[in-house]
Amino acid sequence: MPQTKFNSSYQGTRTKRLEKQIKRFQILIDSLAQKSIPETVENSINEEIEKVNQSETKALLTAQLAKSYKEILKIAEKDLGLLAKNHYTFKWMAIGMAVFGIPFGAIFGMALDNMAFMGSGIGVGLAIGVAIGAQKDKEIKSAGRQLNVDM
């Protein structure tokens, strides 16, 4: 996979947060290394790794790690169809609350003649969204299109 190596040998003060970000970024790179990737996509990923390697201060490194992590995930999703763990679960959780939760809440409120029950619909929508998202994540995993990283 990437020809550019991630240089995690930052010489400054290392905090727990920075260590966590470095480890998370390294896991992403290692997870992508296990996949066959076209050269054009590999070059885009290498550019992001190079940006991280060029960060000289702790503040720049922390910011660039977060930005490059998100950018590499976008590249993997768009160009390769690879997704992070729980991608659809998180996405459908929000959709479920908005699409299913609010209407169910309104129905509960009107049926019981008390709009205080509108909040219970949000919980129902959340549960429906998580169930749909978990099923989609399961399908992605069985198809071998899931990266071993969290969002």
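Which residues in H2 meet which residues in H3?

**View 1. The contact of H2 with H3 in the predicted model.** From H2, the residues Val41, Ser44, Ile45, Glu48, Lys51 and Val52 meet Leu61, Gln64, Leu65, Ser68, Glu71, Ile72, Ile75, Asp79 and Leu80 in H3. By class, this contact of H2 with H3 has eight nonpolar, three polar and four charged residues. The two helices pack at an angle of about 175°, and their axes lie 9 Å apart; angles over 145 degrees count as roughly antiparallel, and H2 and H3 are therefore roughly antiparallel to each other.

**View 2. Helix H1 and what covers its buried residues.** Helix H1, residues 16–33, has 18 residues and reaches 26 Å from its first C-alpha to its last, which is close to the 26 Å expected at 1.5 Å a residue. Its buried residues are Leu18, Gln21, Ile22, Phe25, Leu28, Ile29, Ser31 and Leu32. An α-helix has 3.6 residues a turn, so residues three or four places apart point the same way. What covers the buried residues of H1 includes helix H2 (39–53) and helix H3 (58–80), together with strand S2 (146–150).

**View 3. The packing of helix H4 with helix H5.** Helix H4, residues 87–111, and helix H5, residues 118–142, pack at an angle of about 150°, with their axes 5 Å apart. That angle makes H4 roughly antiparallel to H5, and H4 passes H5 in a right-handed crossing. The residues of the contact of H4 with H5 divide by class into 18 nonpolar, ten polar and two charged.

Note on methods. Residues numbered from 1 in each chain as written. Predicted model: local features only at pLDDT ≥ 70, side-chain atom pairs only at ≥ 80, totals over all residues. Heavy atoms only, no water. Helix = DSSP H or I, 4+ residues; strand = E, 2+ residues; numbered from the N terminus. Expected span 1.5 Å × (residues − 1). Buried < 20%, exposed > 50% of the residue type's maximum accessible area, 1.4 Å probe, protein only. Contact = heavy atoms within 4.5 Å. Axes fitted to C-alpha atoms, helices over the stretch in contact; angles between N-to-C directions. Parallel < 35°, antiparallel > 145°, perpendicular 65-115°, else oblique. Nonpolar A, V, L, I, M, F, W, Y, C, P; charged D, E, K, R; others polar. Left-handed = near helix turned anticlockwise from the far one by under 90°.
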